[in-house]
Amino acid sequence: MPIPEDVTGEEIDQDVRQELQSLPKTLAEDVAKNLVMVARLIDEDPERAYAYSKVALRLASRVAAVREAGGFAAYANQKYAEALAEFRAARRMTGSVELWPVMADCERGLGRPEKALDMAGAPEVHKLDKAGQVEMRLVAAGARRDMGQLDAAIVTLQSPELASSSAQPWTARLRYAYADALLAAGRQGEAREWFAKAVEADKDGSTDASDRLAELDGVEFVDAFDESVVEDDDASVVESAKDAGDTGHTEVAEDAGDDNGNDVDDD
């Protein structure tokens, strides 16, 4: 896979760089550059990110950070079985529970919401930091919805973190999930309230809460850069000009002349 000239490998986190020190210097640099490409592309071009992750895995499959990156790249491409295998491998290498929520979400992706709920009640959850516990709650609520248990999903999301007025990195997503669950349960008024609260917390636009809120309010947005709309508008202008010509532009000119108090020739 081609590596752009501006990618040096130094862009990766210090912790990952330390893991790569177990490799020969040249190999470590190659792996680091591929990991940078995974991080750079995983949101905008997940397929290419996945391809770079496979290169990194081929070069250094015994490095936990590489297995984790491969897991996230597979996850972004909905390759849940592969992602789960990579996450499990990374967890065996590090002993960390940090990946527990995304592993549970892979179980959901594989059509096993019951397994995801089992993981939500496992002792590993108590070892997660606050962000990980909130993520686990989101996964558990999603599993409840997968099973058609809408009321249970709503209750699962009701927590001190949801009620808190302070904005945390997870606040917008938690409020959004709660609003979406309320809407699915037919509680539109409450859903609108929580979509509005999600908008307040979503400073970086990580959700489409503003669009969902506008939809509930009956507001419709038109893309100003939509070429088809521009073409239609141009066609309307041309058609209007044609119609004006067919109906006799001389008469219009004459009227304009009369309004200004000037004589206008028929020509």
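**Entry 1: the cores**

A nonpolar core, as I use the term, is a set of buried Ala, Val, Leu, Ile, Met, Phe, Trp, Tyr and Cys residues joined through side-chain atoms within 4.5 Å. For burial I take under 20% relative accessible area as buried, over 50% as exposed and anything in between as partly exposed, using a 1.4 Å probe and protein chains only.

Before looking anything up, I note that this is a predicted model, where local features need pLDDT of at least 70, side-chain atom pairs count only at pLDDT 80 or more, and totals for chains, interfaces and linings use all residues. Residues are numbered from 1 along each chain as its sequence is written, and side-chain values use heavy atoms, with hydrogens and water left out.

I looked up the largest nonpolar core and found 46 residues in it, with Leu20, Val31, Leu35 and Val66 having the most contacts inside. Two or more residues come from each of α1 (14-20), α2 (25-41), α3 (46-60), α4, α5, α6 (100-109), α7 and α8. Helices here are DSSP runs (H or I, at least four residues), numbered from the N terminus. Which element gives the most to this core? It is α2, with eight residues. I also found a second, separate core of 21 residues, which includes Ile154, Ala177, Ala179 and Leu182. As background, nonpolar side chains tend to be buried together in soluble globular proteins.

**Entry 2: Val31 and the α2/α4 pair**

Next I followed valine 31. Leaving aside residues up to four places away in sequence, valine 31 touches Leu20, Leu23, Ala56, Leu59, Ala60 and Val66 (contact means heavy atoms within 4.5 Å). Val31 is also part of a helix pairing: together with Leu35 and Val38 in α2, this valine meets Val66, Ala69 and Ala73 in α4.

How are α2 and α4 packed, and at what angle? I read an angle of about 30 degrees, with the axes 11 Å apart. That makes α2 roughly parallel to α4, because angles under 35 degrees count as roughly parallel. The axes are lines fitted to C-alpha atoms, for helices over the stretch in contact, and angles run from 0 to 180 degrees between N-to-C directions. The crossing is left-handed, meaning that the near helix is turned anticlockwise from the far one by less than a right angle.

**Entry 3: salt bridges**

I then turned to charges and found 16 salt bridges in the structure. Each is a side-chain nitrogen of Lys or Arg within 4 Å of a carboxyl oxygen of Asp or Glu.

Arginine 17 and glutamate 10 pair at 3.7 Å, N to O. Arginine 17 is partly exposed at 23%, while glutamate 10 is exposed at 55%.

Arginine 91 and glutamate 124 have their closest N and O atoms 3.6 Å apart. Arginine 91 lies in helix α5 and glutamate 124 in the loop between α7 (113-120) and α8 (130-146), so this pair ties together parts 33 residues apart in sequence. Is glutamate 124 buried or exposed? Glutamate 124 is buried, at 19%, whereas arginine 91 is partly exposed at 25%.

Arginine 192 and aspartate 217 meet at 2.8 Å, N to O. Arginine 192 sits in helix α12 (residues 188-201) and aspartate 217 in the loop between α13 (209-216) and α14 (227-246), so parts 25 residues apart in sequence are tied together. Both are partly exposed: arginine 192 at 35% and aspartate 217 at 41%.

Last, I checked glutamine 78. Its phi is near 60 degrees, a positive value in a residue other than glycine. Glutamine 78 is in the loop between α4 (64-76) and α5 (80-94), and is exposed at 60% relative accessible area.

Notes. Parallel < 35°, antiparallel > 145°, perpendicular 65-115°, else oblique.
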